[in-house]
Amino acid sequence: MKPFELKNRRSEQIEQAITGLLILASVISILTTFGILFSILFEAIEFFQLRSFWYFITGSEWSPGVADSKFGAVPIFAGTFWITFIAMSVAVPIGLGSAIYMSEYANDKVRDILKPLLEILAGIPTVVYGFFAALTIAPFVVTASAYFGLDASFNSALASGVVMGVMIIPVISSLSDDVIRAVPRSQSNASLALGMTKSETIKSIILPSAAPGIISAALLGLSKALGETMIVVMAAGLRANLTWNPLEDMTTVTVRIVDALVGDQAFDSPATLSAFALGLVLFVVTLVLNIISLTMIRRFKEKYRINTL
Amino acid sequence: MNEAVRQDIANISKNGTSNDTPPANNNNQTTIDSSDSKVANPFYDPSLKKRHARAKIFKVFTLGSLFFSIAFLTFFLFDILTKGIPAFQQTYMLVEVNYNEKSVQSTRKAIDKKYRRVVSRSWYRSVPAQIEANPELMNTKQQVWVLADDQVDQYIKGHYYKLKSKDKKLVDEKIQNGEIELRFNSHFFTHGDSKIPENSGILSAMIGSILTLIVTMLVAFPIGVMTAVYLEEFAPDNRFTQIIEININNLAAIPSILFGLLGLAIFINLFGMPRSSPLVGGLTLALMTLPIIIVSSRAALRSIPDSIRQAGYGLGLTKIQVTKDHVIPLAFPGILTGSIIGLAQAMGETAPLIIVGMIAFIPDSPSSIFEAATVMPAQIFTWAGMPERAYIERTAAGIIVLLSILISLNALAIYLRKRFEIKW
């Protein structure tokens with residue numbers, strides 16, 4: 001009996017060791033989140049020791065390079081907001097429209113072709129979108145606005161916003177499609193049986209049921225738009241320009257982060273550290289958006305008892 | 001609701017109860033009268049036509065939005081292809097070369113003054129090496145096909161060019177004599193970056209990408225799969241597990257540039273790893289790829305039916321043995337597919353790598369993960385910012401190469417999924 005027991009105990013130890021290893025691996029993902037948070041937070045605190053936090057939040061002049069450097073981030077936030085707004089007004093209707101067509105109108109064969117096609121859009125690296133925005137869409141925007149007698153910049157917010165919107169379409173359409181298909185068929189069948197047209201059924205029965213999932217998809221897209229870097233680095237401006245005109249150049253949080261960290265300034269200069277202050281804002285905003293989005297999709301799943309989303 | 005039915009109800013309520021009719025009923029009265037005279041059907045809905053029209057418009061809108069995405073994709077691919085394909089050919093021309101002492105010392109003297117400006121600057125650099133390789137060339141004059149300057153190349157390809165009229169005449173002459181031709185641009189695949197457009201290639205960026213991705217996968221794949229196995233097979237459903245799950249989903253949606261800030265602050269500044277190196281870039285990308293691998297591996301593990309596990313337990317296997325010998329091998333194709341998709345995403349990522357300094361100018365390919373390197377998307381970014389016109393087509397060509405690799409990776413993932421998929 002003895003050797004058998006011995007072996008048993010050893011294998012028990014090995015099992016425990018392996019389980020410990022697996023838990024350790026799972027903890028790395030949590031460490032990553034905290035790593036991001038603290039690495040940004042500490043540098044940002046260092047920045048706010050050098051410069052006023054209040055001016056960062058409310059100031060309207062951003063001039064890091066000059067001797068009397070100023071760090072008022074309002075024009076940067078405004079630029080980010082505008083470009084994101086343009087992107088979302090492209091991505092939400094088109095993404096949702098595509099999702100509705102794929103889930104409600106298209107038959108399975110068409111859907112099997114269309115869905116991968118849309119996913120190609122999601123697989124294109126953002127640097128490629130940036131090149132396309134800067135070299136094809138931006139000059140087009142300039143020519144088109146000249147035709148209407150308007151003066152557009154080659155770094156217009158419109159060009160980068162539209163291309164960013166196209167990039168986000170698959171994010172919204174893919175998740176919305178899954179959500180719409182998860183709405184129980186009995187609901188829409190009941191509506192159709194009462195004589196509602198297909199579009200009335202979709203608008204007043206299916207979409208309200210799927211709303212939490214769709215909003216969750218839109219928030220995910222929004223967080224992606226806010227954090228998108230390469231498109232705006234290549235196609236949007238560098239100047240912190242406070243304006244309402246989407247044809248002018250604007251800058252975003254991500255552009256300023258890249259600009260601050262690619263230069264050759266000393267790492268502890270306020271110009272470089274400002275990147276981390278902006279990064280902190282970006283982190284907090286996207287974190288809040290992600291958590292709202294995740295909670296909503298979780299509620300939706302619980303409501304319809306879906307495990308696959 | 002059907003108007004006629006609503007009218008009936010309204011009539012009943014009017015007759016049965018009181019006189020204070022709501023104004024809406026009066027409206028209905030008029031519509032029902034006009035329609036009654038036309039159609040006998042009591043269920044006739046006069047707004048039906050409008051409703052059907054609206055349904056049609058809605059369908060057209062949804063189809064239109066789908067069409068927009070696909071039209072954009074087509075236009076985009078067409079645009080990149082037309083911009084990039086010319087770069088796969090490069091202009092060469094036949095000129096007389098003087099190989100002598102003088103031209104070794106001052107390489108520009110190797111070519112007759114007349115043609116000096118239309119020959120690529122990078123070609124001159126290779127003159128001493130040519131003589132060293134073939135000593136019999138010394139003190140001879142040879143007709144040699146040499147790489148042409150980028151402006152000549154752009155002129156031949158019909159793009160915008162900057163050539164002096166004198167040089168342009170020379171080139172025209174050469175064209176008439178058939179002493180200028182476009183050849184396949186093998187240079188592009190065998191050279192690294194260069195400040196001379198016609199000399200620049202994508203090789204060093206490709207090797208940088210490969211080294212970076214090796215680091216990424218070596219770190220992300222085992223950790224990702226282990227996390228997935230733990231969460232799916234071992235973890236009790238408690239608060240800790242839930243936090244890990246929410247955290248992973250959140251990590252997947254954090255902007256990639258913030259991972260760059262993490263890499264800069266922790267890997268470079270705290271651990272003192274070499275800046276711009278594939279090691280730092282690979283580790284940063286690994287943290288980004290982790291959630292993708294975890295999510296897809298979990299899906300693969302979840303699709304394995306419980307009966308497999310129960311059979312294992314029934315035979316007296318331990319949990320680890322069941323997982324290691326039965327569940328993971330069955331789920332492996334799915335895990336692999338997800339990892340390849342994660343790999344493809346990491347390959348196209350640029351922003352975090354720029355932050356950790358992987359946009360350095362790298363003419364020679366890196367040979368280890370500790371040397372400064374650049375990756376393909378970063379190379380595309382650098383070229384896109386170059387002022388010379390000739391870099392535009394190189395950028396687009398780089399994009400074509402990158403997209404072909406990404407498409408092949410995704411196709412491989414789809415093939416693996418189809419080939420090894422088990423329908424339970």
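Guide: Before we start, one definition: two residues are in contact if their C-beta atoms, placed from the backbone, lie within 7 Å. Also, this is a predicted model.

Visitor: Thanks! How many residues of domain 1 of chain A are in contact with domain 2 of chain A?

Guide: On the domain 1 side there are 10 residues, and they are in contact with 8 residues of domain 2 of chain A. By class, the domain 1 side holds 8 nonpolar and 2 charged residues, with no polar ones.

Visitor: And where are the bounds of those domains in chain A?

Guide: The domain assignment puts domain 1 at 2-50 and domain 2 at 58-304. Their C-alpha centres lie 34 Å apart.

Visitor: OK, zooming out. What secondary structure does chain A have?

Guide: Chain A has 11 helices and 2 strands. Reading from the N terminus, the order is α-α-β-β-α-α-α-α-α-α-α-α-α.

Visitor: What radius of gyration does chain A have, and what would a compact globule have?

Guide: Chain A has 25 Å, whereas a compact globule of 309 residues would come in near 19 Å. Its C-alpha trace spans about 80 × 70 × 35 Å along the principal axes.

Visitor: How about chain B, is it compact or spread out?

Guide: Chain B contains 18 helices and 3 strands. It is more spread out than a compact globule, because its radius of gyration is 34 Å, well over the 22 Å from the globule rule for 424 residues. Along the principal axes, the C-alpha atoms of chain B fill a box of roughly 120 × 75 × 40 Å.

Visitor: Back inside chain A. At what angle do H4(A) and H6(A) pack?

Guide: Helix H4 (residues 108-123) and helix H6 (residues 157-182) of chain A pack at about 130 degrees, with axes 8 Å apart. H4(A) and H6(A) are therefore oblique to each other. H4(A) passes H6(A) in a left-handed crossing.

Visitor: And which residues of H4(A) meet H6(A)?

Guide: On H4(A), A:Leu118, A:Glu119, A:Leu121 and A:Ala122 do, and their partners in H6(A) include A:Val166, A:Ile169 and A:Pro170. This contact has 7 nonpolar, 2 polar and 1 charged residues.

Visitor: Last one: why are H10(A) and H11(A) roughly antiparallel?

Guide: The axes of H10 (residues 253-262) and H11 (residues 270-304) of chain A cross at roughly 150 degrees and come within 8 Å. Angles over 145 count as roughly antiparallel, so H10(A) and H11(A) are roughly antiparallel to each other. Among the residues making the contact are A:Val253 and A:Ile257 of H10(A) and A:Leu278 and A:Leu282 of H11(A). By class, the contact has 9 nonpolar, 3 polar and 1 charged residues.

Terms used. Residues are numbered from 1 along each chain as its sequence is written. Chains are lettered from A and ligands numbered from 1 in the order in which they are written. This is a predicted model: local features need pLDDT of at least 70, side-chain atom pairs count only at pLDDT 80 or more; totals for chains, interfaces and linings use all residues. Axes are lines fitted to C-alpha atoms, for helices over the stretch in contact, and angles run from 0 to 180 degrees between N-to-C directions. Helices (H or I, at least four residues) and strands (E, at least two) are DSSP runs, numbered from the N terminus. Angles under 35 degrees count as roughly parallel, over 145 as roughly antiparallel, 65 to 115 as roughly perpendicular and the rest as oblique. A crossing is left-handed if the near helix is turned anticlockwise from the far one by less than a right angle, and right-handed if clockwise. Ala, Val, Leu, Ile, Met, Phe, Trp, Tyr, Cys and Pro count as nonpolar, Asp, Glu, Lys and Arg as charged, and the others, Gly among them, as polar. Domain bounds come from an automatic or database domain assignment. The radius of gyration is taken over C-alpha atoms; the globule rule is 2.2 Å times the number of residues to the power 0.38.
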